[in-house]
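Please brief me on this fold. Take the sheet, the cores and the cavities in turn, then a few single residues.

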Amino acid sequence: MANVVVIGAQWGDEGKGKITDLLSRSADVVVRYQGGVNAGHTVVVKDKTFKLHLIPSGILYPQTECIIGSGTVIDPQVLIEELDRLQELGVPTENLKIAQTAHVTMPYHRMIDQASEERRGNHKIGTTKRGIGPTYADKSERTGVRILDLMDADSLRDILAWTIPLKNEILERLYDLPPLDPEDVAQTYLQYAERLRPHVIDASLSINDAVRHRRNILFEGAQGTLLDLDHGTYPYVTSSNPIAGGACIGAGVGPTIVDRVIGVAKAYTTRVGEGPFPTEMTEGVGTTLCDRGAEFGTTTGRQRRCGWFDAVIGRYAVRINGMDCLAITKLDVLDTLPEIKVCVAYEIDGVRTKDFPSSARQFAHCKPIYETLPGWESSTEDCRTLDDLPKQALNYLKFLAELMEVPIAIVSLGASRHQTIIVEDPIHGPKRALLDANGDPVLKK
């Protein structure tokens, strides 16, 4: 039995959907513990592509219980649309459960998010404009609507009767937007409630019951470490805590039940939205990475910014999350490159450092210091074992593992499930380093 947290080790979009899907084969329960519809996972199974926003990737396994935890914020309209799409594709959704204490994204959250982002002008954060930040803000202000309120018509109407007039003042006076009618909103959301009611549970109780019965639990984070509200590249961050510690809060469990933390990182780096990005390449190789990696957001369709692998943020992610193994994704995207660079340190005002700076101003002035490795200029898409990999590709993985000081357990070489080298099953396998083709450990501890 193992309880595993899967987190993004970069700025999100690392391929967590595929890794979570792979690990879900060995999991009894998959828990999404934070974020909202601003996040998305893409999973490819045979000839079908599933784009998931709120529902955990484990939903594709009928025997797996999937829970949307209390730390998430839920747009019921989007969730119902997602349920409908899965059912159209023949995926059973009876095993989806929703925490009764998760907060609900309301129409005024979306309206305020969109208007606020536009008003920022040159100081835009790069929000998806889906209402996530305002939903979390109301949660902190203790003025939010929770799923359990949605299930109680009197409670919902009582909250909206005094909340919406306050929101209307903001909408009308600050943003020149039309007001909302409390009863119209209530009627719409009560319809959503009836559709979702069979899925609503006490999530913390259910998850802790699973712990007591020694079931395998996979905690699935959205976004990535560098988008964490407290430990990311603030203010260009999300409104919740994607890091491993957020799993305990968002799921309602204690830290002692977590056995392993696996970080997911691309073989290069991408970022969506605003904010500094030291290894970014706006043309040339950057364009190649974008085209070969199909770097467009699952939720928004926005083109991702691309750059070389950044080991500084990688080591930072290892430290912040307590990661004990890595999944490296999209190694195949590098197949055509004659040489590959890796950022091993930064230069800030003439001083070399291997440590990630907390200051956004300092981070904006970081100059990457690179080491260059030879590329392999051959396809890795059909590799299924470490022995199948070109020597230079294996050396690249070894270099990343040594820089990040954590072993690599999984290597992804494409979007499909079968395009994967599983060196170690993080749920059932022993904790050991990645071995090279000669049987020698890539990372000696």
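Predicted model: local features only at pLDDT ≥ 70, side-chain atom pairs only at ≥ 80, totals over all residues.

Residues are numbered from 1 along each chain as its sequence is written, and side-chain values use heavy atoms, with hydrogens and water left out. An open sheet of ten strands has mixed pairing. The largest nonpolar core holds 114 residues.

**Sheet layout**

- The strand order is β9-β7-β5-β2-β10-β1-β11-β15-β19-β20.
- Helices (H or I, at least four residues) and strands (E, at least two) are DSSP runs, numbered from the N terminus.
- Two strands pair if DSSP finds at least two bridges between them.
- Strands of a sheet pair through backbone hydrogen bonds, either parallel or antiparallel.
- β9 (200–201) and β20 (420–422) are the edge strands; each has a single partner strand, so one side of each lacks a neighbour in the sheet.

- All six residues of β1 (residues 3–8) are buried, so the strand is largely enclosed by the rest of the structure.
- Buried means under 20% relative accessible area, exposed over 50%, and partly exposed in between (1.4 Å probe, protein chains only).
- In a regular strand the side chains alternate between the two faces of the sheet.
- Both faces of β1 are covered, with N3, V5 and I7 buried on one side and V4, V6 and G8 buried on the other.
- β1 pairs in the parallel sense with β10 (residues 217–220) over four bridges, and V4 stands opposite L218 in β10.
- β1 also runs parallel to β11, joined by five bridges; I7 stands opposite G263 in β11.

**Other strand pairs**

- β11 (residues 260–266) pairs in the parallel sense with β15 (residues 325–329) over five bridges, with V264 opposite A327 in β15.
- β5 (residues 65–68) and β7 (residues 96–99) pair in the parallel sense over three bridges.
- I68 stands opposite I98 in β7.
- Two bridges join β7 to β9, and these strands run parallel.
- The bridge partner of I98 in β9 is V200.

**Nonpolar cores**

- A nonpolar core is a set of buried Ala, Val, Leu, Ile, Met, Phe, Trp, Tyr and Cys residues joined through side-chain atoms within 4.5 Å.
- In the largest core, F219, L331, V342, L389 and Y396 touch the most other members.
- Helix α13 (residues 391–404) gives the most to this core, with nine residues.
- Apart from it lies another core, of 16 residues, among them I19, I262, A327 and I427.
- Contact means heavy atoms within 4.5 Å.
- Not counting residues up to four places away in sequence, the contacts of L331 include W376, L389, Y396 and L413.

**Cavities**

- There are two cavities of 30 Å³ or more.
- On a 1 Å grid over the protein atoms alone, a cavity is a set of points where a 1.4 Å probe fits but cannot get out; lining residues have an atom within 4 Å of a point.
- Grid points are joined across faces, edges and corners, and a volume is the space filled by probe spheres set on the points.
- The largest cavity has about 50 Å³ of space.
- Its lining residues are G232, T233, Y234, Y236, P276, F356, P357, S358, S359, A360 and F363.
- By class, that lining has seven nonpolar, four polar and no charged residues.
- Ala, Val, Leu, Ile, Met, Phe, Trp, Tyr, Cys and Pro count as nonpolar, Asp, Glu, Lys and Arg as charged, and the others, Gly among them, as polar.

**Helix α4**

- In α4 (residues 132–141), I132, P134, T135, Y136 and D138 are buried.
- The buried residues of α4 pack against β6 (73–74), β8 (103–104), α3 (107–119) and α6 (153–174).
- G133 is in α4 and counts as partly exposed, at 25% relative accessibility.
- Just after α4, R142 takes a positive phi of about 65 degrees.

**Two buried loop serines**

- S24 lies in the loop between α1 (16–23) and β2 (29–32).
- S24 is buried, with a relative accessible area of 0%.
- Not counting residues up to four places away in sequence, S24 touches V30, S57, G58, Y61, T64 and L218.
- S416 lies in the loop between β19 (408–412) and β20.
- S416 is buried at 14% relative accessible area.
- Leaving aside neighbours within four places in sequence, S416 is in contact with K18 and V44.

Conventions
1 Å grid on protein atoms, 1.4 Å probe; cavity = no way out; pocket = protein on both sides within 12 Å on 5 of 7 lines; lining within 4 Å.
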